[in-house]
Structure formats: structure tokens, C-alpha cells
Amino acid sequence: MEILRCNGIEKVFGKGKNQVTALNGINLSIEKGNFVAVIGASGSGKSTLLHILGSVDKPTCGAVTVDGVDISKLNATDSAIFRRRKVGLVYQFYNLIPTLTVEKNILMPMLLDKRKPDTEYFKTIVKTLGIADKLESLPSQLSGGQQQRVAIARSLIYRPAILFADEPTGNLDQKNSKEIIDLLKLSNRNLKQTILLITHDEKIALEADRIVTIEDGQIVSDHSHNTAERHEGMPKGYFMDTAKRHACPRGYGGVPVEKRR
């Protein structure tokens with residue numbers, strides 16, 4: 001079942017001599033239950049793509065459908081509601097409310113809608129993420145890794161159609177980074193959560209089941225690999241090299257490298 005599709009996404013900032021094309025004809029499809037990594041260098045357009053797919057920003061042209069809804073046509077109010085209920089967002093900065101307990105931070109999306117959370121699902125999330133004993137703590141009383149776990153729990157509480165993680169390990173050390181990626185994989189496997197992870201780190205990208213490489217605002221490679229490949233590892237620079245060897249055909253995942261402007 002397809003959970004996300006974007007067709008011909010373009011994003012242009014500025015005008016005239018100051019005009020910059022951040023995204024140039026992005027086509028992407030993600031199936032329910034997939035764990036996809038989008039990898040690219042700084043300035044490649046990957047974060048801009050995430051903001052558009054997550055209903056945080058609008059494309060200059062093109063359409064984005066998430067869980068059957070064309071979010072590119074929603075107004076600001078409807079976008080905010082859709083984002084809260086259908087899209088999970090995790091950033092490298094945790095964005096927790098410092099005066100609220102861990103429990104209230106996690107439940108905030110539902111509290112804003114005045115909805116009663118599923119108690120059993122809540123317990124499953126906090127147990128899976130290893131923060132069941134931190135529910136009465138304030139964010140300042142937690143480590144960076146623990147705060148990121150809370151942010152992930154908050155993003156999962158509404159059972160979103162898709163979870164977007166934008167460099168979620170950017171503020172963490174190696175040990176906590178590994179734990180966060182392992183937890184994302186666990187939520188993908190045990191909670192059947194669809195995940196799109198944005199990263200510039202090839203090692204982190206290898207933990208996903210599918211890697212989409214973006215360069216100069218275009219998808220230049222779309223590669224799936226199995227568990228054996230993931231654990232054996234691949235040479236450094238593999239995916240960026242793959243982009244040059246196996247460019248996607250026009251109309252599927254990008255524009256052939258030799259035809260890019």
C-alpha cells in the first residue's frame with residue numbers, strides 16, 4: 001500500500017538574480033511499512049524535501065499525497081492539523097517544552113486536540129523507547145539521548161501515517177546515535193511504522209532498507225538492499241558513486257545524471 005507519493009516537486013526560493021532552485025522535479029513513492037533513508041550533502045535539498053513532504057512548507061509546483069490526502073492543496077490551518085495527526089516529525093533539536101513533564105510532552109499532540117490517548121499504546125511506546133521510568137521528569141533532567149527518545153515518542157503517539165526524521169542524531173554522541181537509530185528500526189519493525197530518515201551520514205543510511213540519494217535538488221539514485229548487505233557494510237562513498245553509475249530513469253526517481261542541468 002502506497003503511503004506517500006510526490007510528483008514533479010519543485011521548490012524555488014527568491015526571484016531574479018537571487019533565485020535558487022532547491023528542488024528540481026522530485027518524484028518519489030513510499031510504501032506503508034518502509035524504512036527509507038534520503039542521503040545527500042549539505043545544500044543538496046534533502047531537508048527542503050522533508051519540509052514539503054511533512055506539510056511544513058509548500059512546493060512551488062508539483063503535488064504531494066500522504067495517506068490519500070493531497071497536502072499541497074491544504075491551507076495553513078488544515079496543514080497544521082494534518083501534520084499533528086498524520087505526520088510524525090523528529091529533528092536533531094528535540095523541541096520539548098521545558099516546563100512540562102515527559103508524559104505531557106509525549107501526549108501534547110493529543111492534548112491540543114482534546115483527545116484521549118490509547119493507554120495501552122502509550123505504554124507500549126514508552127516501554128519500547130526505554131523511558132517508562134522518566135514520565136514525571138522534566139526535559140532538563142534528561143540526557144540528550146533520553147530527550148530524543150521523548151521526541152520520538154511524541155511523534156508516534158498519534159500513530160502517524162509516516163514519521164520523518166531530519167538528522168535525528170545530529171546532536172548526539174556515537175553511542176546515543178546508535179541507540180536512536182536502533183529505536184527507529186525497532187518502531188519500524190514492531191510498531192509497523194513507516195519512516196523516512198534524512199541524513200548526510202552513509203553509515204546511518206545503511207541501516208535503512210532503501211536509500212535515496214539526492215544531489216543538486218534531484219534524485220540521482222534509488223537503491224534497496226537486504227539485511228546481509230546492511231551488516232556486511234559497503235565501501236565509503238558507495239551511494240554517491242552509485243548515483244553516477246545507476247541514475248534513475250526520468251519519471252521514476254529522478255533525472256539521469258548526464259541530463260542534469
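Is I71 buried or exposed? I71 is buried, because its relative accessibility is 3% (buried is under 20% relative accessible area, exposed over 50%, partly exposed in between, with a 1.4 Å probe and protein chains only).

The views come from a predicted model: local features need pLDDT of at least 70, side-chain atom pairs count only at pLDDT 80 or more, and totals for chains, interfaces and linings use all residues. Residues are numbered from 1 along each chain as its sequence is written, and side-chain values use heavy atoms, with hydrogens and water left out.

**View A. I71 sits in the loop between β5 (69-70) and α2.** Strands (E, at least two residues) and helices (H or I, at least four) are DSSP runs, numbered from the N terminus. Beyond its neighbours within four places in sequence, I71 contacts I52, L53, S55, K58, V64, V66, S79 and F82 (contact: heavy atoms within 4.5 Å). I71 and D57 lie 14 residues apart in sequence. Their C-alpha atoms are 10.0 Å apart in space.

**View B. S79 belongs to helix α2 (residues 76-86).** S79 counts as buried because its relative accessibility is 3%. Setting aside residues up to four places away in sequence, S79 touches S55, K58, I71 and L74. The side chains of S79 and K58 make a polar contact at 3.4 Å. A polar contact is a pair of N or O atoms within 3.5 Å; within protein, one must be able to donate a hydrogen and the other to accept it, and residues adjacent in sequence count only if both atoms are side-chain atoms.

**View C. Helix α3 (residues 102-112) packs with helix α5 (residues 144-156).** The angle is about 35°, and the axes are 7 Å apart. Axes are lines fitted to C-alpha atoms, for helices over the stretch in contact, and angles run from 0 to 180 degrees between N-to-C directions. V102, N105, I106 and P109 of α3 meet V150, A153 and R154 of α5. These contact residues divide into 5 nonpolar, 1 polar and 1 charged (nonpolar: Ala, Val, Leu, Ile, Met, Phe, Trp, Tyr, Cys and Pro; charged: Asp, Glu, Lys and Arg; polar: the others, Gly among them).

**View D. D67 has a positive phi of about 55°, although it is not a glycine.** Most residues other than glycine have a negative phi. D67 lies in the loop between β4 (61-66) and β5. D67 is partly exposed, with a relative accessible area of 27%.

**View E. K192 has a positive phi of about 60° and is not a glycine.** K192 is in the loop between α6 (174-190) and β8 (195-199). K192 counts as exposed, at 59% relative accessibility.
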